[in-house]
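Please find below a short note on the model under review. The points are numbered and may be read alongside the sequence and the coordinates.

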Amino acid sequence: MSIATRRDDDVDFEEDPRYEQANREARWAIGYWLAFTVVVTGLAWWLGYDKPADELSFVLGFPAWFFWSVLVTSLVFAAIPAWIIRRHFKDVPLTKDGRHVPTPEGRQ
Amino acid sequence: MRWAIIIPLIAYLGVMLAIGVWSYQRRLQVTEDETGQYYLGGRSLGWFVLVFTLLASAASAGTFIGGPGLVYSGGYGWVLVSIFQVPTAFVALALLGKKFAILSRKLDLVTITDFLRQRYEHPAVVIASSVGVVLFLVAYMVPQFVGGTRVLQAVTGVDYNVLLITFAAVVLLYTSFGGFLADAISDTFQGILMLVGGLVVWIVLLAAIGGLGPVNRTVTEVNPALFTLPGPGGFTPQMIASYSLQLGLMFCVLPHLAVRAMSYKDSKAVHRAMAIGPAIMAVITLGFLCMGLVAHMYQPDLEVGDMALPLTLLDVLPDGVAGVLFAAPLAAIMSTVDSMILVVSGVIVRDLYKTYVKPDLSDHAGARLGTIASATVGIIVIGLALKPPAYLEYLIIYAIGGLEVLLFVPIVAGLYWRRGNALGAALAMVGGASWYVVANEWVPDLTLGMFPIATASAVAFALYLLGSYIGPPPRHEVLVKFWGSQRAIDDMLATSGAARGGGWDGGRTQ
């Protein structure tokens with residue numbers, strides 16, 4: 001989507017190196033969102049779409065499509081960000097100049 | 001009057017006021033950057049407060065009242081589409097991300113309009129976003145108050161007007177005086193309340209009923225379609241997926257959430273909040289929404305679903321316990337409204353008044369004016385809520401969708417794509433919002449069977465690309481500010497800034 005980094009302008013200034021990592025993390029966010037959307041919608045459609053009520057099977061008291069596409073999927077996906085963050089996100093300082101120790105109160 | 005319900009609620013409001021007093025005292029001790037302190041709490045949030053303030057601000061009357069009501073009459077399909085808010089905390093914080101946090105420090109951004117103004121440097125963009133934010137958020141706050149008050153009225157027997165005014169006055173007081181810090185800390189308290197409430201409701205109701213078996217038998221008798229897809233809600237696959245656009249991906253640009261992406265302390269805080277947020281949201285969403293179905297056991301034939309969960313709680317629980325649980329929807333509403341009041345106040349004071357009327361507004365006067373503006377916004381909302389509109393959830397969804405269409409493309413594309421310019425942003429905002437309204441109100445075919453936000457966003461995105469390639473690229477200064485290192489920005493300011501007097505930088509003049 002809009003996340004592509006383009007370099008059609010010639011750059012004559014020093015870029016902030018932290019933004020490279022920020023772009024990568026934003027792409028992970030979109031990927032994760034897309035995967036969640038596709039899995040939830042896909043499972044619900046595949047297991048439950050257009051099935052009359054008397055043909056539904058139940059798992060633990062829930063309609064099977066609901067159990068798998070909503071309960072299981074959301075619990076699995078609730079755990080995934082921790083993994084993405086540990087493997088792919090970086091701890092960068094957020095101060096103006098990118099130094100690790102911020103000046104007192106963060107400004108002069 | 002049911003005092004056993006009223007007393008826990010009064011105790012809860014007392015805690016909110018105490019938080020307001022404490023934050024106000026903290027605020028009085030700060031003498032530097034008072035505006036930043038008022039609107040952002042000095043960018044100091046740790047992960048715990050960050051995650052709860054984000055979730056509590058996102059969860060609203062819809063989660064507790066409108067949502068279970070829709071599930072009551074529309075079935076499991078509504079839980080399915082609501083589950084798309086589970087990834088929101090992670091997606092919002094990672095998509096705006098560290099770049100947004102760093103930029104907000106470098107360029108001294110306090111509101112999202114600050115961002116748009118410095119990125120696009122065009123009054124049309126600033127005014128379109130400011131007016132949109134004020135109108136849509138005020139529209140959103142009204143049904144929040146109305147819904148919450150109606151429920152409380154039904155369960156306590158206290159007069160609607162008395163309840164509304166008490167309840168709103170507390171929000172007003174702690175928000176106006178305590179600012180962002182009061183807002184964030186009360187959100188944390190409220191978020192914990194919602195989380196615990198979500199768990200307790202499950203345990204208590206299912207224990208009282210004896211599991212889902214009896215519920216399923218009842219629903220099968222009453223209306224078996226509640227178990228099916230598309231079901232009474234009409235959830236086709238494309239409709240389901242388009243909810244994810246609205247509740248998941250695009251939620252992050254809502255101004256009261258986007259400011260939270262400027263307010264955290266460091267990378268560690270945001271990492272933890274992103275890792276834990278989805279799990280908490282899953283519990284809150286599933287906990288309350290599924291109860292909409294369970295409510296059929298106790299309330300077989302309600303006309304309007306909104307009262308399904310509250311009435312069921314009253315039937316099952318002793319009054320005192322129910323009173324504590326009713327604090328949860330109250331908390332959801334208050335935590336959303338407080339952050340919105342603050343955003344609207346910020347837009348009025350900083351983005352409109354300071355930018356166009358009084359550019360030399362001092363920091364101290366700005367912070368003080370913030371208090372007055374917040375109080376005024378709150379009073380206007382109360383006035384509107386005293387004459388309540390008809391149906392809750394649709395109004396909310398309309399306001400949220402409208403804001404998302406207006407802001408998503410200009411903010412996210414402006415953050416990551418250098419070529420994006422003012423013409424693109426203006427076209428995207430006007431075109432996207434017009435498409436949204438026309439599709440929603442008059443020409444439903446334009447939605448292609450989805451939530452109107454989907455095609456409206458596609459139109460906004462196309463117009464953004466078109467405008468950005470037709471119009472001139474952003475000025476060199478803008479590119480340095482939004483992509484350069486602090487040294488590059490300082491160098492540029494040293495050479496050109498002296499001559500230009502920093503006039504382009506509304507956030508920095510003091």
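1. Is A:Phe89 buried or exposed? The model is a predicted one, and within it A:Phe89 counts as buried because 22 C-beta neighbours lie inside 10 Å, where 20 or more are required.

2. Apart from neighbours within four places in sequence, A:Phe89 has contacts with A:Glu25, A:Ile84 and B:His271. A:Gln21, although 68 residues away from A:Phe89 in sequence, has its C-alpha 7.8 Å from that of A:Phe89.

3. Turning to chain B, its secondary structure consists of 22 helices and zero strands. Its radius of gyration is 23 Å, close to the 24 Å given by the globule rule for 510 residues, so chain B is as compact as a globular protein of that length. The C-alpha trace of chain B spans about 75 × 50 × 40 Å along its principal axes.

4. Of the 510 residues in chain B, 63% are buried. When contacts in chain B between residues at least 6 apart in sequence are considered, 86% of them join residues at least 24 apart.

5. One helix pair in chain B deserves attention. Helix 4 (residues 61-74) of chain B packs against helix 8 (residues 123-156) of chain B at an angle of about 60°, and their axes are 10 Å apart. The crossing of these two helices is left-handed. On helix 4 of chain B, B:Ala61, B:Ile65 and B:Gly66 meet residues of helix 8 of chain B, including B:Pro143 and B:Val151. The residues of this contact comprise four nonpolar, four polar and no charged.

Terms used:
Residues numbered from 1 in each chain as written. Chains lettered and ligands numbered in written order. Predicted model: local features only at pLDDT ≥ 70, side-chain atom pairs only at ≥ 80, totals over all residues. Helix = DSSP H or I, 4+ residues; strand = E, 2+ residues; numbered from the N terminus. Rg over C-alpha atoms; globule rule 2.2 N^0.38 Å. Buried ≥ 20, exposed ≤ 12 C-beta atoms within 10 Å, placed from the backbone. Contact = placed C-beta atoms within 7 Å. Axes fitted to C-alpha atoms, helices over the stretch in contact; angles between N-to-C directions. Left-handed = near helix turned anticlockwise from the far one by under 90°. Nonpolar A, V, L, I, M, F, W, Y, C, P; charged D, E, K, R; others polar.
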